[in-house]
Amino acid sequence: MERLAELKVNLCMECGCCSFGCPAHRPLVQTNKLAKAQVAAWKAAKKAADEAKKAAEEAKKEAVK
Ligand code: SF4
């Protein structure tokens, strides 16, 4: 997933030119759309995990006081 983000799959504007011109008739737009959705879900899960971790650390600090 990180690799997809590094490759900037989110920059695909789903114009369809790559699918139109692909000599192998690969479903490139559909693949990019799926990859974009997976990256978005991965980022949301990562953000939720980071926030939960931060909240747990703050709760731990409060418990020590
Ligand atoms: S659909 Fe294909 S050609 Fe169009 S922006 Fe996305 S990757 Fe590029």
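Two helices, α2 (17–21) and α3 (28–64), each supply at least two residues of the shell around the ligand. This is a predicted model, in which local features need pLDDT of at least 70, side-chain atom pairs count only at pLDDT 80 or more, and totals for chains, interfaces and linings use all residues. Residues are numbered from 1 along each chain as its sequence is written. Helices here are DSSP runs (H or I, at least four residues), numbered from the N terminus.

Let's start with the ligand. Around the ligand sit C12, M13, E14, C15, G16, C17, C18, L28, V29 and N32; a residue belongs here if its C-beta atom, placed from the backbone, lies within 6 Å of the molecule. Helix α3 gives the largest share of this shell, three residues. By class, the shell has seven nonpolar, two polar and one charged residues, where Ala, Val, Leu, Ile, Met, Phe, Trp, Tyr, Cys and Pro count as nonpolar, Asp, Glu, Lys and Arg as charged, and the others, Gly among them, as polar.

Now for the backbone. Most residues other than glycine have a negative phi. E14, a member of the ligand shell, has a positive phi although it is not a glycine, and H25 likewise has a positive phi without being a glycine. The table sets out both.

| Residue | Phi | Loop |
|---|---|---|
| E14 | about 60° | between α1 (2–6) and α2 |
| H25 | about 55° | between α2 and α3 |

How exposed are they? E14 counts as partly exposed because it has 13 C-beta neighbours inside 10 Å, while H25 is exposed, with 8 other C-beta atoms within 10 Å. The cut-offs, with C-beta atoms placed from the backbone, are 20 or more other C-beta atoms within 10 Å for buried, 12 or fewer for exposed, and in between for partly exposed.
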